[in-house]
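I opened a new notebook page for this protein. The entries below record what I looked up.

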Amino acid sequence: MSFFSNPDAVARYAEGPVRLVRGFDGLQRMTTVLLREQVPATGNGLVLGAGGGLELKRFADAEPSWRFVGVEALCGVCSGLGGAGGGCRTAITAISAQLPVRSPEQNAALMQDAGFEGVELLYAGFSFNGWVGYKPC
């Protein structure tokens, strides 16, 4: 059974990132502040690595006129998190198997190559990093 097919796992989904990502709530608050500084009242955004959509919900609650598209390419990680035993060890194994680890310089270069400007590291915690970049219209 996949993670999102399991009603008990889905009901507990929001607990996972808070346990696994140190400073999760603060990261969401900082990201919302940054978005408010740059995104117009009816702005659109792209969230890469959207997971189960916790960030999208947070942003939508903060500014109901914003519109986002969320992309999650690591669907296997989501299924892995729901594997037998659950918990941090399962998450670490699943993420380690599927998440490429790149240096901060490599990640910044990827964003710059995609046309983003002003690329800066916002958050660094174990293998999870948060980046800020601006794409000219």
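Which residues form one aromatic cluster? I found Phe59, Trp66 and Phe68 in it.

I noted first that this is a predicted model, where local features need pLDDT of at least 70, side-chain atom pairs count only at pLDDT 80 or more, and totals for chains, interfaces and linings use all residues. Residues are numbered from 1 along each chain as its sequence is written, and side-chain values use heavy atoms, with hydrogens and water left out.

Entry on the rings. I looked up aromatic pairs (ring centres of Phe, Tyr or Trp, its six-membered ring, within 6.5 Å; planes under 30 degrees apart are stacked, over 60 edge-to-face, the rest tilted). The count came to two. Phe59 and Phe68 have ring centres 5.4 Å apart and planes at 40 degrees, so I logged this pair as tilted. The pair of Trp66 and Phe68 is edge-to-face, at 5.9 Å between centres and 80 degrees between planes.

Entry on burial. I used relative accessible area with a 1.4 Å probe, protein chains only (buried under 20%, exposed over 50%, partly exposed in between). Phe59 is buried at 4% and Trp66 is buried at 3%, whereas Phe68 is partly exposed at 23%. Of the 137 residues in the protein, 23% are buried.

Entry on Gln28. I located Gln28 in helix α3, residues 24–38 (a helix is a DSSP run of H or I, at least four residues, numbered from the N terminus). Gln28 is buried, with 4% relative accessible area. Leaving out residues up to four places away in sequence, Gln28 touches Glu55, Arg58 and Phe59 (contact means heavy atoms within 4.5 Å).

Methods
Helix = DSSP H or I, 4+ residues; strand = E, 2+ residues; numbered from the N terminus.
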